[in-house]
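User: Hi! Could you walk me through this structure when you have a minute?

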Amino acid sequence: MAEPMELLCWGGDWDLPSVHTDSLIVLAYAKFSGAKLAVKSIDWTWRTITASVPQLHYEASTVTEPTQILNFLRKQRFNADYELTAKQGADTMAYIALLEEKLRPALLHTFWVDADNYANLTRPWFTSHSPFPLNFFVPGRQASLALSRILLTKAESPLLNITEVEGKIYSEAKECLNLLSHRLGNFHFFFGDTPTSLDAFVFGHIAPLIKAPLPSGQLQKHLNQLDNLCQFCNTILKNYFNASAEKRTDCSPTAIHDPVDANLQKLTQLVNKESNLIEKMDDNLRSSPQHRPNSTPPS
Amino acid sequence: MSLAAEAFVSQIAAAEPWPEKATLYQPLKEDQILLSDSASSLAVQTFLRMCGLPVQVSCCANAEYMSPSGKVPFIHVGNQVVSELGPIVQFIKAKGHSLSDGLDDVQRAEMKAYMELVNNMLLTAELYIQWCDDYTATEISRPRYSSPYSWPLNHILAYQKQWEVRRKMNAIGWSGKNLEQVYEDVSQCCQALSQRLGTQPYFFNKQPTELDALVFGHLFTILTTQLTNDELAEKVKSYTNLLSFCHRIEQTYFKEDKGSRSV
């Protein structure tokens, strides 16, 4: 066989093969489809600032971006989506779009914009994994990219301030996690018993959120209450990455049917209430002199 | 204020019935409105028709600036102003009209996922083609967008809007794409929608939902808008079930005033 394909990605920590969402997606898909990748981590090299990670090198070509890399692997006949029907393929695209729109902004905020987390976890980690003198630049650059992405896509006037957007993106992210949990139900993977590219994308997004020791993580707390998603993540880690992932004490192997559903209902109601609350806040923000004010002022 | 009290107050505000003089605002239809705004506006109008709620469409040159979130279309109902399809659907749900009540949780998850797919791919592709493709931007988007204004305001506003859209494309990583890749993305999105629709009349079998309104809004606008080339419309036309879907919705909900418009 020709030389193996080489993947550049960020290194691992916290029981994960990589701490970077996009790299995790590619690593997981490679395991699912049986592709052998030579994984090279870019930690402590100059590539932390020059390369756009993850990056796949094969023969002479270079592919970046998770979607492109997955397409490339499929063309090389490493296809984990072989058994999906056309409709399931369409569902995959739709759910991936849902993850990107609703969950990714909140993930970026949790890791890169939230002051507590950034100062105590993310920046030290990335600083310690970058060579001198890049360790001064790399985390800051990532943080400003994350902030600008959130503001440009989610903040519409008059919500130009990041604090006002926070409420909105977290409630959307919680709703997205609830939806994913509903869809997963009691199954091992999203489409039956074998993992597919959708499983890789979901794993890539939620694994750092579950495993990272975040000082202030309201989204993490919400996710920990969704047992089936935690279970999903741990199953993949155990079966495909041979990590001695300590099973979390509240994710027991035997799926407890009723408490899961009851939990989910409660969480769905909480998220709905929160979104009503946020709309009320939006209304208050937007009531300007030319509009007639609401008759009941908030106390 | 406690959560329960907030919910109670918003219920009171939403308990007013739908007034007769609800208005929907959008930019000028003949000269100013662009593809993406026209698609969003049509989606909202379709949704309101599906709910059976009458609304008057009013075209104003400064609709974008009147909107509370800066995006069109927006509706003015009673003493409240709501913009964009997502918040409008929730607002109408609070008033007691909903198209997606009959769906169970998994189907609702699917519906939301497909709506995000349309927003993520189709809407972004429309914005890209309008503002990041130099030829289209120069020939169509900038002249149309700034047509109600006089010199030099028209130049300033057009370039400002273009710069804003390009920044957004940069942030989400679309600025590295070329036009061919964008057309390819549109084609994949249409393929996913076509596969999901299959042979059913609507996306969730017999009843139309907000997803049908959104898809119709975008596809119908793409098919009937004249751009610098027809490639976008051709991509959509290659999926026959999507074409017949658009026909069906047009016949059912718009037949009284658009009977002669052909696709």
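This is a predicted model: local features need pLDDT of at least 70, side-chain atom pairs count only at pLDDT 80 or more; totals for chains, interfaces and linings use all residues.

User: Great. How many helices and strands does chain A have?

Analyst: Chain A has 11 helices and four strands.

User: And what share of its residues is buried?

Analyst: In chain A, 51% of the 299 residues count as buried. Among contacts in chain A with a separation of 6 or more, 73% join residues 24 or more positions apart.

User: What about the accessible surface of chain A?

Analyst: That comes to about 14,000 Å², with 53% of it belonging to carbon and sulfur atoms.

User: Switching to chain B: is B:Ser41 buried or exposed?

Analyst: B:Ser41 is buried, because its relative accessible area is 1%, under the 20% cut-off. This serine sits in helix 2 of chain B, residues 35–51.

User: What does B:Ser41 touch beyond its sequence neighbours?

Analyst: Outside the four places on either side in sequence, B:Ser41 is in contact with B:Leu24, B:Gln26 and B:Pro73.

User: Now cavities. How many are there of 30 Å³ or more?

Analyst: There are three, and the largest cavity holds about 80 Å³ of space.

User: Which residues line the largest one?

Analyst: Its lining includes B:Pro27, B:Asp37, B:Glu64, B:Tyr65, B:Tyr145 and B:Leu157. By class, the lining residues are eight nonpolar, one polar and two charged.

User: Which domains do they come from?

Analyst: Domain 1 (3–95) and domain 2 (105–254) of chain B each supply at least three residues to the lining of the largest cavity.

Technical notes: Residues are numbered from 1 along each chain as its sequence is written. Chains are lettered from A and ligands numbered from 1 in the order in which they are written. Side-chain values use heavy atoms; hydrogens and water are left out. Helices (H or I, at least four residues) and strands (E, at least two) are DSSP runs, numbered from the N terminus. Buried means under 20% relative accessible area, exposed over 50%, partly exposed in between (1.4 Å probe, protein chains only). Contact means heavy atoms within 4.5 Å. Accessible areas come from the Shrake-Rupley method with a 1.4 Å probe; for residues, only the protein chains shown count as cover. On a 1 Å grid over the protein atoms alone, a cavity is a set of points where a 1.4 Å probe fits but cannot get out, and a pocket is an open set with protein on both sides within 12 Å along at least five of seven lines; lining residues have an atom within 4 Å of a point. Grid points are joined across faces, edges and corners, and a volume is the space filled by probe spheres set on the points. Ala, Val, Leu, Ile, Met, Phe, Trp, Tyr, Cys and Pro count as nonpolar, Asp, Glu, Lys and Arg as charged, and the others, Gly among them, as polar. Domain bounds come from an automatic or database domain assignment.
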